[in-house]
Amino acid sequence: MILRLVLTGNYAVAYAVKLCKPHVIAAYPITPQTSIVEKLAEFVEKGELKAKYIRVESEHSAMAAVIGAASVGARVFTATSSQGLLYMHEGLWMASGARLPIVMAVVTRAIFPPWSIWTDHADLLDQRDTGWLISMAENNQEAYDLIIQAYRIAEDENVLLPIIVGLDAFIVSHTAMPVQLLDEKIVEEYLPPRGEKPYVLDVNNPITMGNIMLPDYYMEFRYMIHKAMMRAKEVIREATKEFYKLTGRNYGGLVDSYRCDDAEIVVVLIGALAGDAKECVDQLREEGYKVGVLRLRFIRPFPSDEVKEILSNKKAVIVIDRDISFGKGGILYTEILSELYNNLKKIPPVRGYIAGLGGRDVSVKDIRKMILKVYEELEKGELVTGYEWYGLKKEVIP
């Protein structure tokens, strides 16, 4: 029997975590993540999930708790947003350096000041150099599925790195939609118990973790993390294929390519905005415009091969960023541009748009305007690589 429930994105995450049977959950509330750990607390209290639920005093302590538990072989989970994620930042480096397969949900939220509780990808993308795998869901169903896939990927002995599953604040986290749940037996078949080797503390077989490292060997440890991140690409592809065989749901591995094969222009982005972009593309296709959408499911490891293959023969590329690297431009725009310049002889013009910061709405009409502007400039021979801010209120800018 197929069970479908109408769930918010946050509840979808909690239901997926429950199926993965973590031994330890560290919980600290922060809007808009709170209902994830609240639902997990309910599962634990009702006896539906046998886990140690630790109510910590801060996000820093939440990360410390799961680091400690993962170090002795426990399967663990925590969740956070925005300032909470930044408060954890020190611990994130510890988790990856110790090669701990921690799974954490991050409900993306703009960083203060000024205060905001709405979506923005700056908090998520700020972690891209910490050694964590970073993924981003488009909708509630994928948030549910990504959590299950995340444990499979992180705990693979070829990877052994922590992983973030991101979802947009309120657009996904608090919006309800039907989610197809998996049977426990399917998840047990897909997700084996966490292995005890090679990096697990054991009093009968003592090892040292996190000790001082002299210059003679520090660099090699960083190289090993990088190699594990690169190996994760194939692990992600295989985990996605196996998930498809068991569930019939396929998200494409590291990227989700939508109508890109014959596209002249491809829109690149992450997260829930991809749904609006796909709707816009469908409308424009009916009008004769050959447009596609490339959604990055994983930001780390960066899907270099897929980006190069899909974008190499296009007339133009549009990158929509819900973030800003101050003094440089959009983060995804910069990374896409870097990848194309590093790998291609013929580089299509790349137009970056910074839009939707702090949760400002980016509609299908807005994406349409971006695409048609690029088409117009392309036809006139005026399109050049560069980025711009979309939808600024000029009256408030000094």
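Q: How many cavities of 30 Å³ or more does the count give?
A: The model is a predicted one. The count comes to one cavity of 30 Å³ or more. The largest cavity has a volume of about 40 Å³.

Q: What makes the space lined by His121 and Leu269 a cavity?
A: A cavity is a set of points where a 1.4 Å probe fits but cannot get out. The largest cavity is lined by His121, Leu269, Ile270, Leu273, Ile320, Asp321 and Arg322. By class, its lining has four nonpolar, one polar and two charged residues.

Q: What is the volume of the largest pocket, and which residues lie nearest its centre?
A: The largest pocket holds about 700 Å³ of space. Its lining comprises 25 residues, of which Asp120, Ile324, Phe326, Leu357 and Gly358 lie nearest the centre. The term pocket is used for an open set of points, whereas a probe in a cavity cannot get out.

Q: How do the residues lining the largest pocket divide by class?
A: The lining divides into 16 nonpolar, five polar and four charged residues. Gly358, one of those nearest the centre, falls in the polar class, because Gly is counted there.

Q: Which residues of α7 and α9 meet?
A: From α7, Asp145, Ile148, Gln149, Arg152 and Ile153 meet Val235, Ile236, Ala239, Thr240, Glu242 and Phe243 of α9. By class, this contact has six nonpolar, two polar and three charged residues.

Q: Why are α1 and α2 described as oblique to each other?
A: Helix α1 (residues 9-20) packs against helix α2 (residues 34-45) at an angle of about 40 degrees, with the axes 8 Å apart. Only angles under 35 degrees count as roughly parallel. The two helices, α1 and α2, are therefore oblique to each other. In handedness, α1 passes α2 in a right-handed crossing.

Q: What makes the contact between α1 and α2?
A: On the α1 side are Asn10, Tyr11, Val13, Ala14, Tyr15, Val17 and Lys18, and on the α2 side are Ser35, Ile36, Lys39, Leu40 and Phe43. These divide into eight nonpolar, two polar and two charged residues.

Q: Why is α3 called roughly parallel to α5?
A: The axes of helix α3 (residues 59-71) and helix α5 (residues 89-97) come within 8 Å and cross at roughly 15 degrees. The limit for this term is an angle under 35 degrees, and α3 is therefore roughly parallel to α5. Their crossing is left-handed.

Q: Which residues bring α3 and α5 into contact?
A: His60, Met63 and Ile67 of α3 meet Glu90, Gly91, Leu92, Met94 and Ala95 of α5. The contact has five nonpolar, two polar and one charged residues.

Q: What is the omega of the peptide bond from Thr31 to Pro32, and of that from Phe112 to Pro113?
A: For the bond from Thr31 to Pro32, omega is near 5 degrees, and the bond is cis. For the bond from Phe112 to Pro113, omega is near -10 degrees, and this bond is cis. Pro32 lies in the loop between β2 (24-27) and α2, and Pro113 in the loop between β5 (103-108) and α6 (122-125).

Q: Why is the phi of a residue such as Arg99 remarked upon?
A: Most residues other than glycine have a negative phi. Arg99 is not a glycine, yet its phi is positive, at about 60 degrees. Arg99 is placed in the loop between α5 and β5.

Note on methods
Residues numbered from 1 in each chain as written. Predicted model: local features only at pLDDT ≥ 70, side-chain atom pairs only at ≥ 80, totals over all residues. Heavy atoms only, no water. 1 Å grid on protein atoms, 1.4 Å probe; cavity = no way out; pocket = protein on both sides within 12 Å on 5 of 7 lines; lining within 4 Å. Points joined across faces, edges and corners; volume = space filled by probe spheres on them. Contact = heavy atoms within 4.5 Å. Helix = DSSP H or I, 4+ residues; strand = E, 2+ residues; numbered from the N terminus. Axes fitted to C-alpha atoms, helices over the stretch in contact; angles between N-to-C directions. Parallel < 35°, antiparallel > 145°, perpendicular 65-115°, else oblique. Left-handed = near helix turned anticlockwise from the far one by under 90°.
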